[in-house]
Each structure stands twice: as structure tokens, then as C-alpha cells.
Amino acid sequence: PNIGSQAILAVYLLQEKFRGGESFWKPWFDVLPTDFNHLPMFFSPLELQQLKGCNELLLKIKSQQKSMRLWMP
């Protein structure tokens with residue numbers, strides 16, 4: 001089946017990540033963030049509430065969250 005180039009890249013990077021110190025890409029993996037809580041689409045309900053009045057921003061965040069739910073079980 002046609003899984004797309006992004007999926008192929010994701011599988012390759014996961015494979016390399018699990019190779020640990022043997023991977024050429026280990027230094028790059030070491031500097032990647034371990035969480036994404038600083039991104040608005042991952043804000044807690046309290047943090048989102050603090051954005052009250054920023055309607056355009058809140059709509060964009062909700063759109064991103066909806067898009068992510070399509071990819072995540």
C-alpha cells in the first residue's frame with residue numbers, strides 16, 4: 001500500500017532512534033525536545049482559558065488539535 005514519504009521517514013527515524021549509540025543520528029536525537037508542552041496545541045485547559053479573548057488563536061489551536069486527533073487513536 002501507498003503509505004507516503006512522511007510515514008517512511010518516520011519509520012526510518014524510529015528505527016535509527018532505537019539503534020541508540022550505533023546510529024549516525026544519535027547527536028541529533030539527543031538535542032530533540034522530550035515533550036511539546038510549550039506548543040499551544042498541547043496546552044492544558046487552564047492555559048487555554050488564559051487565552052480567552054484571543055479568538056483567532058483559539059480557533060487555530062482547536063483546528064490543530066482536531067487535525068492531530070485524526071492521526072492519533
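**Exercise 1. Which residues does Gln65 touch, not counting residues up to four places away in sequence?** Place Gln65 in the fold and check how covered it is.

*Solution.* Some ground rules before we start: this is a predicted model, where local features need pLDDT of at least 70 and side-chain atom pairs count only at pLDDT 80 or more, while totals for chains, interfaces and linings use all residues. Residues are numbered from 1 along each chain as its sequence is written, and side-chain values use heavy atoms, with hydrogens and water left out.

- Step 1: find Gln65 in helix α4, residues 55-71. Helices (H or I, at least four residues) and strands (E, at least two) are DSSP runs, numbered from the N terminus.
- Step 2: list the contacts, meaning heavy atoms within 4.5 Å. Gln65 touches Met41 and Leu48.
- Step 3: check the cover. Gln65 has a relative accessible area of 16%, so it is buried. The cut-offs are under 20% for buried and over 50% for exposed, with partly exposed in between (1.4 Å probe, protein chains only).

**Exercise 2. Now go to Leu48 and work out its surroundings.**

*Solution.* 

- Step 1: Leu48 belongs to helix α3, residues 45-49.
- Step 2: with a relative accessible area of 18%, Leu48 is buried.
- Step 3: skip the neighbours within four places in sequence, and Leu48 is in contact with Pro40, Phe43, Leu58, Ile61 and Gln65.
- Step 4: take one of these, Ile61. Leu48 and Ile61 sit 13 residues apart along the chain, with 9.1 Å between their C-alpha atoms.

**Exercise 3. Describe the largest pocket.**

*Solution.* 

- Step 1: get the volume, about 270 Å³. On a 1 Å grid over the protein atoms alone, a pocket is an open set of points where a 1.4 Å probe fits, with protein on both sides within 12 Å along at least five of seven lines. The volume is the space filled by probe spheres set on the points, which are joined across faces, edges and corners.
- Step 2: read off the lining, meaning residues with an atom within 4 Å of a point. Among them are Leu13, Lys17, Trp28, Asp30 and Phe36.
- Step 3: α1 (5-18) and α2 (26-30) are the elements giving two or more residues to this lining, and α1 gives the most, with four.

**Exercise 4. How many helices and strands does the chain have?** Then judge its overall shape.

*Solution.* 

- Step 1: count four helices and zero strands, in the order α-α-α-α along the sequence.
- Step 2: the chain has a radius of gyration of 17 Å, whereas a compact globule of 73 residues would be near 11 Å. The radius is taken over C-alpha atoms, and the globule rule is 2.2 Å times the number of residues to the power 0.38.
- Step 3: of the 73 residues, 12% count as buried.
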